[in-house]
Amino acid sequence: MAENKNTQAEAEILDEGVMQSDIAIPNQMLPKHLYLIPISSRPFFPGQVQPIVLGGEYWTETIQKIGETEQKVVGLVYTGNVPAQETVIDDFSQVGCVGKVMKPTVQETNIHFICQGLQRFRISKWLSKKVPYLVEVEYPSEEALTIGADDTETRAYALSIISAVKELVLANPLHGEELKNALQYFSPNEPSPLTDFAATLTTAAGDELQQVLETLPVLERMQRVFPLLHKEVQINKLHGEISKDVNSKINKRQRKFFLREQLKLIQKELGITKDDRSADVEEFEERMKGLHPPEAVADRIDEELKKLSFLEKGSQEYSVTRNYLDWMSSLPWGVFSKDKLGIKKARKILDRDHEGLEDVKDRIIEFLAVGAYKKEIAGSIMLLVGPPGVGKTSIGRSVAEALGRKFYRFSLGGMRDEAEIKGHRRTYIGAMPGKFVQALKEVKTANPVIMLDEIDKIGASFRGDPASALLEVLDPEQNSDFLDHYLDLRVDLSKVLFICTANQLDTIPGPLLDRMEMIRLSGYITEEKMAIAKKHLWPRALKQAGLKKKQLKLSDAAMRKLIEGYARESGVRKTEKQLLKIVRKVVVQLLEDPKRKLSISTKNMEEYLGRPFFKQESLLSGVGVITGLAWTALGGVTLSVEATAVPGKRSGFKQTGQLGDVMRESAEIAYSYLLSNAVRFGVEEDFFKNHFIHLHVPEGATPKDGPSAGITMTSALLSLGLRKRVKRDIAMTGEITLTGKVLPVGGIKEKVIAAKRNGITELILPESNRGDVEDLPGHIKKGLDIHFAGKYDQVVKHLGV
């Protein structure tokens with residue numbers, strides 16, 4: 001109904017005979033009061049004829065008021081870039097153009113009419129400050145507009161403007177024949193309308209044209225218009241040169257295209273059926289439409305298409321060429337997906353998919369922020385290092401989703417042939433491009449996120465070294481010209497975001513590691529595993545089995561027992577396996593009794609999972625027993641060190657527990673340091689002379705190495721010499737020297753998490769690792785009493801012996 005009313009009201013406006021006459025009004029007949037309409041794009045000039053479109057509902061009353069006036073004219077005033085319906089009186093310029101409204105029509109909800117500019121006016125007083133705007137105006141005299149019109153300089157400017165307008169009309173094909181004819185009606189003797197006409201031909205900014213409109217003296221007005229007109233001529237000349245250059249480059253290719261099209265039409269008229277070769281050629285040409293290959297690639301494709309059209313279909317060369325063109329035309333040459341560079345959305349996606357790992361998320365957000373600031377994420381290679389099951393691969397997927405890019409993953413584990421990276425020569429039977437070209441073909445964009453999984457497990461053989469082949473791919477300075485052996489062309493990989501994953505760094509070649517930005521992912525503590533299991537793993541396990549939450553419930557206490565008793569690893573992979581095991585057993589029970597509702601608690605968990613793999617055992621304690629902290633590829637672990645003394649006439653020192661060379665040296669250093677400082681620490685002078693010392697690290701089947709157990713072994717020997725126990729819930733890590741200095745070690749975060757997971761409340765760490773501890777999240781440090789030692793004397797103070 002509202003639309004009908006509006007249409008009827010607008011029709012009534014036209015029926016009243018609004019602007020029935022198309023005859024221009026003499027200047028002396030112009031009214032002193034004008035209704036205004038704002039013009040937002042560029043000002044209107046006297047003598048200009050142009051259609052104007054108004055929103056019907058908003059300007060209906062204004063049009064009605066204009067229709068009720070005798071002269072049927074409107075004041076057009078420039079308001080800058082402010083939309084017409086948002087205009088306030090402060091946006092109106094002081095000088096505008098009065099125009100005659102002709103041939104009004106209503107189309108849909110808009111009012112269309114043609115307006116002819118008549119004369120400048122200046123607003124002297126506002127009579128209505130809201131729609132419909134009504135003002136009192138002043139018109140400049142004819143003398144004011146023609147001051148200096150008879151000057152020689154004015155005539156020279158007029159001739160220059162006419163010449164420039166003619167040049168502009170010839171250079172720009174958009175100016176039609178009517179405009180050329182209209183130019184004949186202007187002469188140097190009437191410079192004022194000539195100047196206004198020239199101003200309307202330019203594409204100058206609205207503010208510059210408004211200054212021209214406000215300038216009354218004709219000579220000064222010409223001095224403003226001529227530079228704008230000259231600039232327009234230069235732009236059109238440059239446009240013509242660019243067009244000519246482009247046309248010359250595409251002319252040869254366009255000619256070939258037209259000839260091929262003519263050949264197709266001739267074949268169609270003669271009834272010649274297409275053979276398979278023609279069908280293949282057409283298919284490849286159709287694929288290349290919409291792609292933007294480099295010139296070298298386009299030339300190679302043209303050469304191969306020519307070759308294909310002459311080869312016999314049954315020949316081996318035809319098959320090789322066809323496969324090559326199939327790959328070349330399937331790659332996304334010049335096709336890029338638009339990056340979503342919103343940092344807030346990226347943070348939201350990372351928080352949604354991952355619990356904890358705040359330091360890792362911050363690093364990724366910082367990485368994305370740099371790309372967002374420079375409006376491009378390219379030439380970057382990230383390396384995510386951490387134990388299995390901590391979410392390295394899923395973080396890569398989240399980054400791809402946050403950027404709005406396609407994601408492609410392949411594993412490098414066990415890869416031994418460099419042709420997997422750089423492709424085979426296409427002369428070989430069964431030759432294929434390398435993995436990176438295959439990835440681009442699958443994702444159909446030239447800027448995906450490619451994840452190289454298990455880069456630390458890449459191998460080498462007589463077929464080559466894939467790690468060396470990766471050096472070109474993962475170097476931002478080189479991968480813009482990556483050479484694939486199969487394509488035998490340069491492929492631009494500089495827009496690809498590479499994310500690599502590894503469990504350890506020892507097996508990654510140094511030059512390759514140097515090209516990547518490393519981000520470490522440590523293991524999870526029990527609270528973080530609980531959150532991950534409740535929000536992600538348990539709902540996923542129920543969904544995979546088709547169960548509803550009300551059919552099977554798992555209490556928080558049961559979840560904690562599962563994590564601590566059955567899945568005490570750094571990641572959450574074993575946790576998920578145990579949850580799936582519970583679900584499978586429950587499904588068997590539900591098949592027997594579908595209406596049954598089950599609940600898993602700490603009491604009945606062993607019915608589903610059996611006995612716990614890990615029991616809540618107290619840490620080893622006693623004289624000569626110290627708990628140390630170690631780092632492994634699977635995360636941090638606690639490591640007990642035992643020392644015992646065998647009475648006898650000879651002294652000596654023995655180490656067992658499958659220790660590596662570095663760890664054996666640490667044990668020797670600890671023994672020598674304590675032997676030389678025994679009396680100072682209160683050990684009997686003859687204790688080490690009359691006893692054979694045996695140092696053992698339990699779990700002898702597991703190889704152990706590294707210097708970080710130095711202060712642990714020293715403390716075990718000191719406890720043995722003093723025949724005193726150390727504190728029960730204390731653990732330590734740090735390298736020791738012969739002079740008693742405590743040196744920094746690595747893997748602090750993993751070791752602290754391992755200590756907290758095992759119920760240890762007090763730690764002794766090297767002073768140089770204080771910064772690493774300060775960087776740890778607060779929930780990891782909560783409940784821990786951490787001491788720092790730069791010398792072994794400071795370690796002794798906290799042992800409680």
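The protein contains 28 helices and 24 strands, taken as DSSP runs (H or I of at least four residues for helices, E of at least two for strands) and numbered from the N terminus. The model is predicted, so local features need pLDDT of at least 70 and side-chain atom pairs count only at pLDDT 80 or more, while totals for chains, interfaces and linings use all residues. Residues are numbered from 1 along each chain as its sequence is written, and side-chain values use heavy atoms, with hydrogens and water left out.

Of the 801 residues in the protein, 47% are buried; here buried means under 20% relative accessible area, exposed over 50%, and partly exposed in between (1.4 Å probe, protein chains only). Among contacts (heavy atoms within 4.5 Å) between residues at least 6 apart in sequence, 75% join residues at least 24 apart.

The largest nonpolar core has 53 residues, a core being a set of buried Ala, Val, Leu, Ile, Met, Phe, Trp, Tyr and Cys residues joined through side-chain atoms within 4.5 Å. Phe436 is among the residues with the most contacts inside this core. Beyond four places in sequence, the residues that Phe436 touches include Phe410, Ile421, Leu452 and Phe498. Another core, of 51 residues, lies apart from the largest one and has Ile377, Ile499, Ile519 and Leu590 among its members. Phe436 belongs to the buried residues of helix α16 (residues 435–443), which also include Val437, Leu440 and Val443. After α16 comes Lys444, with a positive phi near 65 degrees.

Helix α20 (residues 556–566) has Ala558, Met559, Leu562, Ile563, Gly565 and Tyr566 as its buried residues. Their cover includes α19 (526–545), β14 (552–554), α21 (573–592), β15 and α22. Between β15 (598–600) and α22 (605–609), the loop holds Asn604, which is buried at a relative accessible area of 15%. A polar atom of the Asn604 side chain lies 2.8 Å from the backbone nitrogen of Ser601. The C-alpha atoms of Asn604 and Ala558 are separated by 9.1 Å, although the two residues are 46 apart along the chain.

The structure also holds 27 salt bridges, each a side-chain nitrogen of Lys or Arg within 4 Å of a carboxyl oxygen of Asp or Glu. In one of them, Lys361 pairs with Asp351, with the closest N and O atoms 3.0 Å apart. Lys361 lies in helix α13 (residues 358–373) and Asp351 in helix α12 (residues 343–353), so the pair ties together parts ten residues apart in sequence. Lys361 is buried at 4% relative accessibility, whereas Asp351 is partly exposed at 34%. Glu576 and Arg540 form another salt bridge, at 2.9 Å between the closest N and O atoms. This pair links α21 to α19 across 36 residues. Glu576 is buried, at 19% relative accessible area, and Arg540 is partly exposed, at 40%. Finally, a network of salt bridges links Glu304, Lys307, Glu317 and Arg426.

Terms used: A polar contact is a pair of N or O atoms within 3.5 Å; within protein, one must be able to donate a hydrogen and the other to accept it, and residues adjacent in sequence count only if both atoms are side-chain atoms.
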